[in-house]
Amino acid sequence: MAVSSRRSVATAVARKDLLVEWNSKILMNQVAPFAAIVMVMFAFALDNDGILQRVAPGLVWLATLFSMLVVVQRSFAVETADGALDALRVAGVDPAAIFAGKAVALMVQLLALEAMLVATAVVLYGVEMSLVGLGQVVVTMVAATVGLGAVGTLYGGLAAGVKGRETLLPLLLLPVVAPVLIGATRATEAGFGSGGTDVSEGWPWIILLVVFAVIFSAVGSVAFGPLVDE
Amino acid sequence: METVINLSHVVAVLGGFPALAGIDFSVQRGEIVLLQGPNGAGKTSLLRVCAGLLPIERGSGTVLGIDIATQREDIRSRVGFLGHANGLYLDLTVRQNVNFWAATVGADDAEIASAMSRMKVDGRLADVKASQLSAGQRRRTALASLIVRRAEIWLLDEPHAGLDAAGRDEIDGILRDAVASGATVVLASHESERASGLANRIVTVDGGGAR
């Protein structure tokens, strides 16, 4: 049997996951409205324009993390519903390619979600930012999303075959992504100019996000196969 | 005739218990071999050893000339194992499912069209989501995926399970076609009467051994 290259298998897996989303519209019809509702609820809870503008970056990333839990659960629910993940492993498909493909599909979905959340913060909380600040927010989103995609796929795979995975995944995942929450929030604060912060203050945090992304991408590529096999 | 599966005194352990207790088992290319025996006899474990999924503790063997003790990953990419689940993505259409499996091995459009036609999941059915298919249609879609993966040995665990009489007849026809096209089939089935009419050879598995 011919064996495709790792890149072409990863592309096939990513394309398949995005097709699943395109066909089911779960992100569009359920996750995005959930994220928007979280942002609105924060606005009701805080009910002060000054505070909202100051804490907007943290709220954007908290809403991203909560929504990511749903997207990761969904990403592996489609794999386990009819034994597809097992079938991939049984067929000898390269686990690093499965990891890369699923992570890329998750990243694409998270990026779309984050763009919507930042736009919601601008409209709902009255956040204002310069063009340079916007550029930094975009870089922050990309760096944070690569890390979240990698760690989300790794822990999603770990929890996929476990009883009670719906409640286990948040317990496993949220502590691990705390550095992303902190780094992305600080970098976004600099981009938004929240509390008088300067754009230049965001770059060290973006470096932290890049380091996190590199580490978990590498760990995920190696560990995903053994974790799924278990 | 070429021997494609050759196991000698194989012992395999599952959950701390010996699932296979020194089994000898061989299959020639182009055969349809039926594994029969009571629940827990070791039929599924034998299929999983042949698929490179279950490691062996003792004994030796080859599948398509590949050592089952040291090269299990290499076996996986050349055989097709279909268990109780079909391994389909329920939100994808039949065509999208088969296309995906084809992409994992670089199969071309002609191979995809041929597999879907052979399994009778082409035409209007091709654009139906897997979640909306009957049990038999899902099974046929899964088998189309095995064909595009160019599996040389089909290892099937209860392929008739959950199907009505017409669906079972279809599966039998598909397996005969597969063998005519050069594949080898090993199936475990509780439907001994039906499957014995299909098989060239019947192997009884009991207590982790074969006779």
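This is a predicted model: local features need pLDDT of at least 70, side-chain atom pairs count only at pLDDT 80 or more; totals for chains, interfaces and linings use all residues.
Two strands count as paired if DSSP finds at least two bridges between them.

**The open sheet of chain B**

In chain B, 4 strands build an open sheet. Their order is S2-S1-S4-S5, and the pairing is antiparallel. Strand S2 (17–28) and strand S5 (66–67) of chain B stand at the edges. Each has a single partner strand, so one side of each is left without a neighbour in the sheet. Helix H1 (residues 43–50) of chain B lies across S1, S2 and S4 of chain B. This helix runs at about 60 degrees to S2(B).

**A parallel pair**

Strand S6 (residues 79–82) of chain B pairs with strand S7 (residues 153–157) of chain B, and the two run parallel. B:Leu82 stands opposite B:Leu156 in S7(B). From S6(B), B:Val79 and B:Phe81 point one way. B:Gly80 and B:Leu82 point the other way. All of these residues are buried.

The two joined pairs are set out below.

| Strand pair | Bridges | Direction |
|---|---|---|
| S6(B) (residues 79–82) and S7(B) (residues 153–157) | 4 bridges | parallel |

**Where the chains meet**

In the contact between the chains, 26 residues of chain B touch 23 residues of chain A. Helix H2 (72–76) and helix H3 (94–105) of chain B each supply at least two residues of chain B's side. The largest share, 5 residues, comes from H3(B). By type, the side of chain B that touches chain A divides into 12 nonpolar, 7 polar and 7 charged residues.

Technical notes. Residues are numbered from 1 along each chain as its sequence is written. Chains are lettered from A and ligands numbered from 1 in the order in which they are written. Two residues are in contact if their C-beta atoms, placed from the backbone, lie within 7 Å. Ala, Val, Leu, Ile, Met, Phe, Trp, Tyr, Cys and Pro count as nonpolar, Asp, Glu, Lys and Arg as charged, and the others, Gly among them, as polar. A residue is buried if 20 or more other C-beta atoms lie within 10 Å of its own, exposed if 12 or fewer, and partly exposed in between; C-beta atoms are placed from the backbone. Axes are lines fitted to C-alpha atoms, for helices over the stretch in contact, and angles run from 0 to 180 degrees between N-to-C directions.
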